[in-house]
Amino acid sequence: MTAFSPIPSPDALRTELPLTGRRAEIVARDRDEIAAILAGRDDRLIVVVGPCSVHDPEAALDYARRLAPLAAEYADSLKIVMRVYFEKPRTTVGWKGLINDPGMDETYDVDRGLHVARRLLLDVIDLGLPVGCEFLEPTSPQYIADAVAWGAIGARTTESQVHRQLASGLSMPIGFKNGTDGNVQVAIDGAQAAAAPHVFFGVDDQGRGAVVQTSGNEDCHIILRGGTPGPNYDVDSVLSAADALAKAGQSPKVMVDCSHANSGKDHERQAVVAADVAQAFAARRAAGEPVRLSGVMLESFIEPGNQPVPSDAAGRAALVYGKSVTDKCMGWDASVDVLATLAQAGR
Ligand SMILES: O=C[C@H](O)[C@H](O)COP(=O)(O)O
Ligand SMILES: C=C(OP(=O)(O)O)C(=O)O
């Protein structure tokens, strides 16, 4: 340990940037709609779409302004959730996201990161979009989770007890990714563990160390994202995961991540994966067979591809606007086409 730097309490940040009653009602409604799709009570598809990570809040808001009209247009067949990811799990080391280092300059101004992140969430909600986040740090959700309609536990943490406990206390549906090695059972186990009540170490609203007691989160589900052996978005993989869920007493509905190991990290392949998944979904529905798909995830931004995290001020000044600094994303034009394909399949 080399230093402790105090940050505001969760309560102080939430008071400074309040969700307000109207936004809270919208978040509650969005959570309910997503939970209904996951449970099979609503036959639309959830689409979690947006940048791999937020590094420039202006560009993220620009993206939200483009996405909001499509979310409204396709609301009869799709529940579109904007991916607003502030915390990045790294394979080894690297930039850990906007909350951890908002300037991408290794000053780690977490206080500013929390403020910028929360402000952006409120702005995205005001545009009419539900927000989806990955939860990585065990205490950061206290600062932002009230504004989040859907959350993910990533492939690198799906087997972690700390993250399963965290999910058990969150109030929105949470998707557990399969492991990076392709193991789906760990995601099923994660959803099952998070559905149970837990008692664990955490912080309270004032930021004081506390024993946290949760009642369990029944709206957890799994996400197939592929793994070391290859993709797992094909019909057989989806159906076999759904069977395993049913055996575990969980809703037999599966979300497919069209990115990561399902696209071989090739942003352009996401469109192919989404089209395959959409076609299989539409065919099963037309044949009157049970549809086990609850939704898809897409990594998408304004410009296609990615660029390196800058290492100095000159690099930061030269960043391409609207282009990912983490995984490669589909560009906006390709994203519009994929959303139209998904909406068509959903109808
Ligand atoms: O989605 C993001 C990345 O795949 C994940 O954070 C791992 O990134 P890394 O392998 O570049 O560290
Ligand atoms: C890290 C991510 O995904 P995964 O956990 O599937 O690698 C992500 O979606 O940003």
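Analyst: Glycine 315 has a relative accessibility of 25%, so it counts as partly exposed, because that class lies between the limits of 20% for buried and 50% for exposed. Please keep in mind that the model is predicted. Glycine 315 belongs to helix α10, which covers residues 313–317. From valine 277, glycine 315 is 38 residues away along the chain, and the C-alpha atoms of the two are 38 Å apart.

Is leucine 114 buried or exposed? Leucine 114 has a relative accessible area of 3%, which means that it is buried, since the limit for that class is under 20%. Leucine 114 sits in helix α4, made up of residues 110–126. If its neighbours within four places in sequence are set aside, the contacts of leucine 114 are with Ile7, Leu13, Ile99 and Tyr143. Between leucine 114 and isoleucine 125, which are 11 residues apart along the chain, the C-alpha separation is 17 Å.

These two residues may now be placed in the whole protein. The fold contains 11 helices and 10 strands, and helix α4, with leucine 114, and helix α10, with glycine 315, are among the helices. Of the 347 residues, 54% are buried. The radius of gyration is 19 Å, and this agrees with a compact globule, because a chain of 347 residues folded in that way would have a value near 20 Å. Along the principal axes, the C-alpha atoms occupy a box of roughly 60 × 45 × 40 Å. When contacts between residues at least 6 apart in sequence are considered, 70% of them link residues at least 24 apart. The accessible surface amounts to about 14500 Å², and carbon and sulfur atoms account for 51% of it.

The protein also surrounds two ligands, which are taken here in turn. Around ligand 1 are Cys52, Lys88, Pro89, Arg90, Thr91, Arg156, His260, Lys265, Glu299 and Asp327. This shell consists of 2 nonpolar, 2 polar and 6 charged residues. A backbone N or O atom of proline 89 is 2.5 Å from an oxygen atom of ligand 1. The side chain of histidine 260 places an N or O atom 2.8 Å from an oxygen atom of ligand 1, and a polar side-chain atom of aspartate 327 is likewise 2.8 Å from a ligand 1 oxygen atom. Ligand 1 exposes 340 Å² when taken alone, and the protein buries 84% of that area.

The side chain of lysine 88 has an N or O atom 2.6 Å from an oxygen atom of ligand 2, and the side chain of lysine 177 has one at 2.6 Å from an oxygen atom of ligand 2. Alanine 155 takes part through its backbone, where an N or O atom is 2.7 Å from an oxygen atom of ligand 2. On its own ligand 2 has 290 Å² of accessible area, of which the protein covers 97%.

Note on methods. Residues are numbered from 1 along each chain as its sequence is written. Chains are lettered from A and ligands numbered from 1 in the order in which they are written. This is a predicted model: local features need pLDDT of at least 70, side-chain atom pairs count only at pLDDT 80 or more; totals for chains, interfaces and linings use all residues. Side-chain values use heavy atoms; hydrogens and water are left out. A polar contact is a pair of N or O atoms within 3.5 Å; within protein, one must be able to donate a hydrogen and the other to accept it, and residues adjacent in sequence count only if both atoms are side-chain atoms. Accessible areas come from the Shrake-Rupley method with a 1.4 Å probe; for residues, only the protein chains shown count as cover. Helices (H or I, at least four residues) and strands (E, at least two) are DSSP runs, numbered from the N terminus. The radius of gyration is taken over C-alpha atoms; the globule rule is 2.2 Å times the number of residues to the power 0.38. Buried means under 20% relative accessible area, exposed over 50%, partly exposed in between (1.4 Å probe, protein chains only). Contact means heavy atoms within 4.5 Å. A residue is near a molecule or strand if one of its heavy atoms lies within 4 Å of it. Ala, Val, Leu, Ile, Met, Phe, Trp, Tyr, Cys and Pro count as nonpolar, Asp, Glu, Lys and Arg as charged, and the others, Gly among them, as polar.
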